[in-house]
Amino acid sequence: MRIRGRVVLAAALALGTVGTTGVALAVDRGAAPAGEPAVGTWAAGAVPVAGQAHAASRADAGGRASTPSAPRPTPVASRPAAQVAQAAPASVNYLSDRYRVGPGEAARRLALQELSAPLAGTLAARFPDAYAGMWLDQAGGGVLTIAATDPARVTEAVAGLPDARHVTVVPVRHSRRDLDAAATRLAGTLGVTAGRDVVVDERANEVLVLTGDAVPTDDARLAGALDTAGVPARARARFDEGTIPKACDPRYCAQAPMRGGIRLDVPRDDGTVGGCTTGFNVRAKSGRYYVLTAGHCVVGGRHQRVDDTWHQFLGPKVPVGIESTNPVLAENAFPNDYAILPYAKGVSTRWAYPRRGTGNTPSLVNYWCVADNPACAGRGSHDVPITGVAPYATVQAGWVVCATGSAYTPKAGEQYVDSGAGVGYLPGTRCGEVIGKASGGIDVRVCARPGDSGSPLFTESDGRALGILSDGDPGEGPCTNPDEKNIYAPVSVILDRVNDRTGLGFQIATQGPLLAAPTGSSNR
């Protein structure tokens, strides 16, 4: 029998000239197994937003100050660690192998990871002058580390969180708000984009100017801009020496419905065939479905014509999508490395859920077992339903994530385009760890090969879309380097960019693709 209770923890939070108010961290706790943190529903108190500070205290007709009632806190579910682990066996396996921890400890870390994103948003809103970022320190014991300029206030607020003994607050000099402001100023001085070319490194508590493309390494303005940043700031190359693009010639096999992680072949102008991997299903506000992959698959020197994409170009040769020209829905400028492909004329029904299908129609990512993902032995290949997007700002170092790629070098006699992956590399799903965001994208420790470009990066336990593969360390053949780094373009950044340019209201689909597609040109 489980005994359920309700624990409410309150902390007084100073809010500048408004005075002090209280925040409740409410947790419906069940009796957790020995050694596991308590779980339940966590809710943060009301968060004042810009423009509400002076409205918080208003004078009534008699001149007395009155305070409007605060909105009800939004609860955030804190799932039991065992439930999270059951939904994420490969993530548990990664933590167990990498850090030599047991399944229970791995499950605890994944449950803390799920809680970290909503916690980050709340702390940033309630402590804008103190909160400076957070990350999961897997090597240091699976500890959620929160940086703050005023550690005492933040420590008090998080003291009652589930698994609070694995949450620590460390002092830093600059808040995330100040770092973001400095990044924006630096980007303006250099004429580039904050968040893409000038980024915040939360663990170092500094700002990075990424050089090598939008900002030339020898830019004469760079030294002066860094000196006047007002916070610690430095320049670093966006990509390490030896980094190569993953644009290549992939191989795969699939069936309806369209899902992330399957093969795309792209005939080029010079007669060769290149390609990538599908990332996620995308839906415009019109109701039309599209396929998201990497932009460098269709934007480049050998792609002057309107590119079309195929599944198994040398085999069944099933058409998939076509490059959009009106409007243009592709770019090749990291992190805006995306192509949103409308289905080729007449083929949307080939990749949609059957019209007479029953039950759920979730948007899917293909989870395909490979020999170097031993967690598959117990559960086998399956589909992961995509439930939404993890905003780039919430993705944290230490998160355990998974990716599915379709790169392949065929054996003699096989009818597949050689992607250049190298003999011995098996297409499929692997899991690893976010190691930072210093590239302006999502840097991960997950093996990938040429031909995996555009492949989906997602969280296994809750099906959140994070990014699509763009670049990474060189390598071919089997995955033998446990520290191999690859770089994913953030999905939320891509969607913001393309929606600003087109107004088409693209979202990562959580249902479909469905057959009820609107009529119109096939390349729109």
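I looked up β23 first: strand β23 (residues 364-367) runs antiparallel to β24, with 4 bridges between them. This is a predicted model; local features need pLDDT of at least 70, side-chain atom pairs count only at pLDDT 80 or more, and totals for chains, interfaces and linings use all residues. Residues are numbered from 1 along each chain as its sequence is written, and side-chain values use heavy atoms, without hydrogens and water.

My terms: strands (E, at least two residues) and helices (H or I, at least four) are DSSP runs numbered from the N terminus. Two strands pair if DSSP finds at least two bridges between them.

I then traced the open sheet of 3 strands, order β14-β23-β24, mixed pairing. β14 (259-260) and β24 (382-385) are its edges; each has a single partner strand, so one side of each lacks a neighbour in the sheet.

Next, helix α5 (residues 176-190). Its 15 residues should span 21 Å at 1.5 Å a residue, and the end C-alpha atoms are 21 Å apart, which agrees. That expected span is 1.5 Å times one less than the number of residues.

Which residues of α5 are buried? I listed L179, A182, A183, L186, A187 and L190. Buried means under 20% relative accessible area, exposed over 50%, partly exposed in between (1.4 Å probe, protein chains only). On the face turned away from the buried side, I noted exposed T184 and G188. The cover over the buried residues of α5 includes β10 (198-201), β11 (206-211), α6 (222-227) and β12 (233-237); contact here means heavy atoms within 4.5 Å. Just after α5, G191 has a positive phi of about 70 degrees.
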